[in-house]
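Please keep the structure open while going through the points.

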Amino acid sequence: MTSNVPTTYQEVFRTDKGVVYQCDASYRLILEFWNTRTQFSARDFAHFRRMVETIDIRQMALSTAASDDVEILTLPRSERCYVLTLCEIVHLRELLNGAKLMLDLNSMLRECGCTLPQPA
Amino acid sequence: MKDLARLRTAIKESVELALNQQIQMEMVSSSKYLAMAGWCDRNGLDHCAGFFYKQSDEERHHAMKLFHYLCDQGATAYSPEVPAVAQEFDSLRSVFEGALEQEVSVTDSINRIIGICRRESDYATEELLKWYVKEQMEEEYIARRCLELIDQIPSDQIYYLDKKLASVTYDGNVFDE
Ligand SMILES: [Fe+2]
Ligand SMILES: [Fe+2]
């Protein structure tokens, strides 16, 4: 998947389970996870991160009901959805929170008049 | 790299979250005051009922002010969930005690959000919240003054008490000058 990355994509954050890119040309954040690529507006990305953040993983871990084995997340403004196991949620959280940290850092740098060096 | 979140809105996520919680709190206040109005109404305290109906409207207005602000700034405002509120009260005094407690918790919440605004250097939101600071001074004053009157007016003069309570206003706000 990571092989054919468009040249406008800048890597924001990467784990061994996925990547978040930003595309300045289209004002989109791109989540690559589980062999899929999903594009988000900044607003939808924040919304999606909160959705993942607020899943009750304790309940998933403790419950024996089959319906608690997976969490189904509908992507904002899309017909697609993610069906996630507890493990995948933890991986996705790590990826999204890491990306948020980098985006916040980028904001802080902008606020004080600096910019991150553009990758060659 | 472009700052996409900033291009979308000037409101930081932490402020957006806090303002949405405040919207919910104002709507809960509105619901509580409506329940108080209903209790007064069915117990023959017409003037107090009118006072609380008006309060209930005002709280909704407080929520809407924040709702529109978030939308206008490009942030996201959520229509809040309002849980069930108490419908029955022991006495008129307990109604006003409830009102004062609610106003105190709103004041605390506004102050907390101003703290967040300062941490995030969000001076626009802080400016908006100044209006709420002033409003809360008035609301706390009125609730406290009503409790004083309940203590001062003999409890058998219910008609007079009802009228007197509903007429309490705060004219002396030092911020108005
Ligand atoms: Fe209010
Ligand atoms: Fe109030």
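How much area do chain A and chain B bury between them, and what share of it is on carbon and sulfur atoms?

1. **The interface.** Chain A and chain B bury about 1,600 Å² between them. Of that area, 48% is on carbon and sulfur atoms. Buried area here is the accessible area (1.4 Å probe) that two parts lose on being put together, summed over both. On the side of chain A, A:Tyr27, A:Arg43 and A:Arg50 supply 35% of the area buried against chain B, more than any other three residues. The contact takes 20 residues from chain A and 16 residues from chain B. Contact means heavy atoms within 4.5 Å.

2. **Basis of the model.** This is a predicted model, in which local features need pLDDT of at least 70 and side-chain atom pairs count only at pLDDT 80 or more, while totals for chains, interfaces and linings use all residues. Residues are numbered from 1 along each chain as its sequence is written, chains are lettered from A and ligands numbered from 1 in the order in which they are written, and side-chain values use heavy atoms, with hydrogens and water left out.

3. **Pairs across the interface.** There are six salt bridges between chain A and chain B. A salt bridge is a side-chain nitrogen of Lys or Arg within 4 Å of a carboxyl oxygen of Asp or Glu. One of them joins A:Arg110 and B:Asp3, at 2.8 Å from N to O.

4. **What chain A brings.** Four elements of chain A each supply at least two residues of the side that touches chain B: β1 (9-15), β3 (28-33), α1 (42-53) and α3 (86-111). Helices (H or I, at least four residues) and strands (E, at least two) are DSSP runs, numbered from the N terminus. The residues of this side of chain A divide into six nonpolar, six polar and eight charged. In this count, Ala, Val, Leu, Ile, Met, Phe, Trp, Tyr, Cys and Pro are nonpolar, Asp, Glu, Lys and Arg are charged, and the others, Gly among them, are polar.

5. **A:Arg50 and its partners.** Which residue of chain B meets A:Arg50 in a salt bridge of 3.0 Å? The partner is B:Glu13. This pair crosses between chains, from helix α1 of chain A to helix α2 of chain B. A:Arg50 is buried, at 18% relative accessible area, whereas B:Glu13 is partly exposed, at 25%. Buried means under 20% relative accessible area, exposed over 50%, partly exposed in between (1.4 Å probe, protein chains only). B:Glu16 also lies in helix α2 of chain B. B:Glu16 is buried, at 3%. A polar contact of 3.1 Å joins the side chains of B:Glu16 and A:Arg50.

6. A:Arg49, A:Arg50, A:Lys100, A:Asp104, B:Glu13 and B:Glu16 are linked in a network of salt bridges. Within it, A:Lys100 pairs with A:Asp104, the closest N and O atoms being 2.6 Å apart. These two are separated by about one helical turn, because they are four residues apart in helix α3 of chain A. A:Asp104 is partly exposed, at 31%. Over all chains, the whole structure has 20 salt bridges.

7. **The iron site.** Which residues coordinate the iron ion (ligand 1)? They are B:Glu26 (OE), B:Glu59 (OE) and B:His62 (ND1), at 2.1 to 2.2 Å. Donors are N, O and S atoms within 2.8 Å of the metal (3.2 Å for Na, K and Ca); water is not among the atoms, so sites may look incomplete. B:Glu26 lies in helix α2 (residues 13-42) and B:His62 in helix α3 (residues 46-72) of chain B, so the pair ties together parts that are 36 residues apart in sequence. Both B:Glu26 and B:His62 are buried. The donors follow the spacing E-x32-E-x2-H along the chain. The iron ion (ligand 2) is 3.4 Å from the iron ion (ligand 1), and B:Glu59 coordinates both.

Note on methods. A polar contact is a pair of N or O atoms within 3.5 Å; within protein, one must be able to donate a hydrogen and the other to accept it, and residues adjacent in sequence count only if both atoms are side-chain atoms.
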